[in-house]
Amino acid sequence: MEHTEHTFLGIDLGTSAMKLVLIDGNKNVLAQITEEYQAVQPERGFSEIDPEIWYDCMVNAMDRILMQCDRSRIRGIGVTGQMHTLVVLDAEGKPVRPAMMWNDIRTRDLIPRLKEEIKQFPEGEYLSRTISTGSPAANLYWLKENEPEHFKRIKKFLIGPDYLVYRLTGHFGTDYCEASTSCLYQIREKRWSPEMRAMIGLEKECYPEIRGSVLAAGTLSPDMAERFSLPQEIDVLTGTGDNPATAISTGCLGRGYPVISLGTSGVFMMPVAELKDNAKGKMILFSFDNKSYSYLVQGAVQSNGSTFDWWVRGIMEEDDFSKVDSLIDVEKSLAGGVIFYPHLSGEKTLYADPCIRGAFIGLSTETDRSDMLYAVIEGLCFSFRELAEKMRLPLCRFGSVKVVGGGSRSRVWMQTLANVLNIRIEQMDGMIGPAFGIALLAAYHCGCFDSLEQISEGTVKIQNCFEPEPYAVAACEEQYKKYLRIQKGLRYITDGTEM
């Protein structure tokens, strides 16, 4: 069936850039636009941005992409983006203060106290494990204690991409993904936690309405329709977070296999059938329609692409990432014995420690650039293996792990990941990512597809496969045993804590 008559717009609110993708109902990409912006750090550990900067970037990007298409063909708009980032609005729907970003760590000293208090609540054991710096719950509590004048003005809070949906439609809402990862929500009961609400001190009316991701938040507001010369009846989806949107575009959510996304942060994600109380990782509750529900478990390497960029661009002063593989003598560096601990800006999933930092172990006068670059890549791969083990992901059941994102373009990185995980790595090709995933959901909303499985059918291909190399697997296994001891050693060195 042909669906080329209608088009669908996907908007991805990233950490440092907004990406827009326009597709037709047959999943063909018609146009792409990127607008960059930058968060500010007014104090050490803070990371904020004025939500109006996002809005201005969205307007500029929509103007640019709409110039390339027939506006009358657009039938749906989907919005996705960074999870956890907190936006607080006043009685007039204006931002009370800058948005508090997902990577903001100002609440690090609060977290231990909050964990102890939350343990006593229903589902408190899970919530206490998952609350961390950057969590909406932690940031709201911080506002109550440190900016009471701002806190009193809050009449509604939203998560990052929800703010753009609000600006497009006038509707204050969120989806199950954003709610379930806010540490304000009881996943089993499928409701905002009344105990968390009492602890934070916000009225029930301040919470956004929760809807299925593929349901419409509303149609374009009259002002937005006029501003972009678009039909007002265009539906804007409730939307979802960037990781579920990526999981949709890669087939992870529809077909059930594990995927690693190598972006600014690295994410290991996989659908699971039920909640596991003792496993690490954050459970994402996902629903299309408020009727059927599924779970996506994710764990994050907070400093992934940013660590790689720091070393390659900042230390080695190499701007051409395509040359990175040629700078490594893998056979030599594999035997070099240098280990890198990659958590340069703290760690959330495994240790909930925002203060832990990176380290090189095993340096000698014979260590060279190749050894250290390889160690950086290998250390990042070790962090994904530790995630998989402590999240209890049954990787062997699938026989492979699919990988997307900028880091997947490095053959050395992909081969090292295969060796460290001792499993086939499949480098995905094709149009993938959050903006494409949410555009696919918009097309699904408008009837172009019949199922979640059909959404991802034919959207991605396997570009390359990397099989484990037995000699390298053995070497990596020995290094990994040492790697697992580094966290305890660093804790002892930095604060004298014996684990």
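Here is a short walk through a few spots in this structure, which is a predicted model.

Let's start with a helix. Helix α2 covers residues 111-118, and its buried residues are I111, L114, K115 and I118. Where do they sit around the helix? If you look down the axis of α2, the buried residues fall within an arc of 105°, so they line one face of the helix.

Next, find Q82. You'll see it in the loop between strand β5, residues 74-81, and strand β6, residues 86-89. What surrounds it? Setting aside neighbours within four places in sequence, Q82 is in contact with L13, G14, T15, W54, M101, W102, I159, P161, E178 and D242. Two of those partners deserve a second look. With G14, a polar atom of the Q82 side chain lies 2.8 Å from the backbone oxygen of G14. As for W102, it is 20 residues from Q82 in sequence, while the C-alpha atoms of the two are 7.4 Å apart in space.

Now hop over to S261, which belongs to strand β15, residues 259-262. S261 counts as buried because its relative accessibility is 16%, and the cut-off for buried is under 20%. Once neighbours within four places in sequence are left out, the contacts of S261 are G266, V267, M269 and V404.

Last stop: the cysteines. A disulfide is a covalent bond between the sulfur atoms of two cysteines. How many disulfides does this model have? The count is zero, going by the rule that the two sulfur atoms must be within 2.5 Å. Take C206: the nearest cysteine sulfur is that of C183, and it is 19 Å away, so with a cut-off of 2.5 Å C206 is in no disulfide. C206 is also buried, at 5% relative accessibility. C381 is in no disulfide either. For C381, the nearest cysteine sulfur belongs to C476, at a distance of 8.0 Å. And how accessible is C381? Its relative accessible area is 0%, so C381 counts as buried.

Terms used:
Residues are numbered from 1 along each chain as its sequence is written. This is a predicted model: local features need pLDDT of at least 70, side-chain atom pairs count only at pLDDT 80 or more; totals for chains, interfaces and linings use all residues. Side-chain values use heavy atoms; hydrogens and water are left out. Buried means under 20% relative accessible area, exposed over 50%, partly exposed in between (1.4 Å probe, protein chains only). Helices (H or I, at least four residues) and strands (E, at least two) are DSSP runs, numbered from the N terminus. The arc is that of the directions from the helix axis to the C-beta atoms. Contact means heavy atoms within 4.5 Å. A polar contact is a pair of N or O atoms within 3.5 Å; within protein, one must be able to donate a hydrogen and the other to accept it, and residues adjacent in sequence count only if both atoms are side-chain atoms.
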